[in-house]
Amino acid sequence: MDVRAQLVMVFNLDKCIGCHACSLSCKNIWTDRKGAEYMWWNNVETKPGVGYPKKWEDQEEFKGGWVADGHNLRLKAMGKGPTLLNMFFQPNMPKLEDYYEPFDFDYGNLYGAKGGDDQPVAEAFSQITGEKMAHIKAGPNWDDDLSGSQVYASADVNLEDKKIIEQYSTMFMQYLPRICNHCANPACVASCPSRAIYKRGEDGVVLVDQEVCKGWRFCTSACPYKKVYFNWNSGKAEKCIFCFPRTETGQCNACAHSCVGRIRYVGVLLYDAEKVEQALLKPDNQLVEAHRGVILDPRDEAVREGARKNGVPEQWLEAAEKSPVYALIKEFELALPLHPEFRTMPMAYYIPSLSPVLTSGGELHELVEHGTIPTREALRAPIGYLASLFGGGNRDVVAAALEKLIALRIHMRAKNLNQPTDEASLGKAGLDEAGAKRLYRLFTIGGYNERNIIPPQQREELDSHTRKGASGFGILKKTGRGKR
Ligand code: SF4
Ligand code: SF4
């Protein structure tokens with residue numbers, strides 16, 4: 001057992017209102033600079049949709065992530081041959097138009113224009129070339145709230161039945177906030193020929209050393225989530241840093257702090273690095289279970305001892321015990337990995353959305369009122385669609401999470417209205433009274449300190465752990481990549 005500690009974020013998609021406060025707080029702090037204008041380390045996509053950059057989920061096109069090749073994992077786009085051939089040209093990179101050409105408006109003209117017959121306007125100009133842009137062709141949220149859905153939503157790779165979004169009676173929509181997943185098996189780290197990108201031992205955060213980066217852009221190509229960006233001004237790769245200057249002092253990430261819907265949970269997970277590679281060799285539809293198998297119980301004394309041996313501080317073990325993310329991912333099996341079939345083992349997890357509340361059998365709240373649990377087939381967002389996003393195609397793991405959420409709603413509604421509760425239905429969905437109470441608190445009235453349990457770091461004491469832990473696990477250990 002090789003116990004590692006990681007800071008992990010969970011997103012409760014039922015509560016995301018698509019306000020983009022998270023994206024804006026991130027942009028204001030980290031990417032409001034030259035060369036980074038087009039970067040959104042945190043972005044919020046409307047699903048179905050193509051996202052940002054467009055069609056990032058299509059690995060036939062972008063060739064990101066890993067593939068299971070017999071008893072080994074290999075980067076989809078790389079072997080020795082392609083690595084050398086691609087040194088000066090990355091054929092699978094998204095192009096600028098797949099993101100968008102960043103623009104601003106010439107507000108000065110509103111005040112400084114010479115007098116004339118026409119009302120002065122603030123024309124758009126490119127933040128890259130400085131040239132005026134007569135026609136803006138795209139933005140980071142071009143398909144927000146299903147705008148242009150005939151073009152964008154129908155190109156969503158997760159959507160089997162395109163007809164479903166062509167008529168209002170069957171249309172569905174939900175939001176998908178995304179950050180770098182700070183994966184346990186990061187393709188970006190393994191692909192970097194300069195070893196500039198690394199996963200740090202003390203909290204699992206994946207960072208780019210700006211001094212070492214040579215701008216080869218293998219990381220951008222290899223990341224299947226397209227969460228490493230190329231700064232055209234500095235010539236270096238940049239990515240989400242999980243707000244480490246904040247988390248090191250025990251504060252949660254800016255995106256989580258500003259989240260209007262309070263959908264985000266941040267906490268510690270302990271996992272067994274020795275099991276990562278074997279877990280990722282499982283077939284797609286077994287990957288969610290495989291992820292769960294790698295996560296360790298922080299109350300198990302053998303796990304705690306293993307963690308101590310690897311230099312995990314006591315304060316982190318205490319935080320792991322109380323961790324909201326451990327509860328949501330492992331204990332309640334509600335939070336699922338985004339596209340586990342990319343095999344990077346993402347360390348950000350999503351509670352799939354029940355919304356929109358309409359089902360083909362009637363409105364959800366009406367069904368709940370009558371104590372009816374809609375069947376998985378009756379939910380408006382097709383279960384196959386959610387399984388493609390969060391289950392590696394496994395419908396059962398997604399359905400089990402949704403059934404738990406519905407049972408919780410029915411139970412808490414009955415309690416709040418002083419109506420009789422049905423323990424049997426709760427039990428059928430895998431919950432009990434205590435579990436329902438705990439989840440209800442986490443989802444509703446739980447405050448900042450319950451949603452975010454982040455132990456501060458004392459870097460001077462963590463030094464040995466940092467060096468020892470330096471992401472030398474599994475496949476990265478073999479390639480020697482990821483060590484810093
Ligand atoms: S999502 Fe994973 S592979 Fe992509 S940049 Fe983040 S750590 Fe690397
Ligand atoms: S701030 Fe929260 S609720 Fe608003 S879009 Fe971001 S994740 Fe969703």
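**Contacts and burial in a predicted model**

Residues are numbered from 1 along each chain as its sequence is written, and chains are lettered from A and ligands numbered from 1 in the order in which they are written.

E433 has a salt-bridge partner, K415, and the closest N and O atoms of the two are 2.7 Å apart; by salt bridge I mean a side-chain nitrogen of Lys or Arg within 4 Å of a carboxyl oxygen of Asp or Glu. This pair links distant parts of the chain, as K415 sits in helix α17 (residues 395-416) and E433 in helix α19 (residues 433-443), 18 residues apart. Helices (H or I, at least four residues) and strands (E, at least two) are DSSP runs, numbered from the N terminus. K415, at 35% relative accessibility, is also partly exposed.

How many salt bridges does this rule give? The count comes to 26. R299 is partly exposed at 42%, and E331 is partly exposed at 34%. In the bridge between D58 and K55, at 3.9 Å from N to O, D58 is buried with a relative accessible area of 15%, whereas K55 is partly exposed at 29%. There is also a network of salt bridges that links E301, R304, E305, R308, E314 and E321.

Turning to burial, strand β2 (residues 43-47) is largely enclosed by the rest of the structure, because five of its five residues are buried. Both of its faces are covered, with N43, E45 and K47 buried on one side and V44 and T46 buried on the other. Five bridges join β2 to strand β7 (residues 174-178), and the two run antiparallel; strands count as paired if DSSP finds at least two bridges between them. Within this pairing, V44 stands opposite P177 in β7.

Helix α11 (residues 287-294) is mostly covered as well, with six of its eight residues buried, and these are L287, V288, A290, H291, R292 and V294.

Finally, the ligand. Which residues are closest to ligand 2? They are C16, C19, H20, C22 and C259, out of 14 residues that surround ligand 2, a residue being near if one of its heavy atoms lies within 4 Å. By class, this shell has ten nonpolar, three polar and one charged residues, where Ala, Val, Leu, Ile, Met, Phe, Trp, Tyr, Cys and Pro count as nonpolar, Asp, Glu, Lys and Arg as charged, and the others, Gly among them, as polar.

Terms used. Predicted model: local features only at pLDDT ≥ 70, side-chain atom pairs only at ≥ 80, totals over all residues. Heavy atoms only, no water. Buried < 20%, exposed > 50% of the residue type's maximum accessible area, 1.4 Å probe, protein only.
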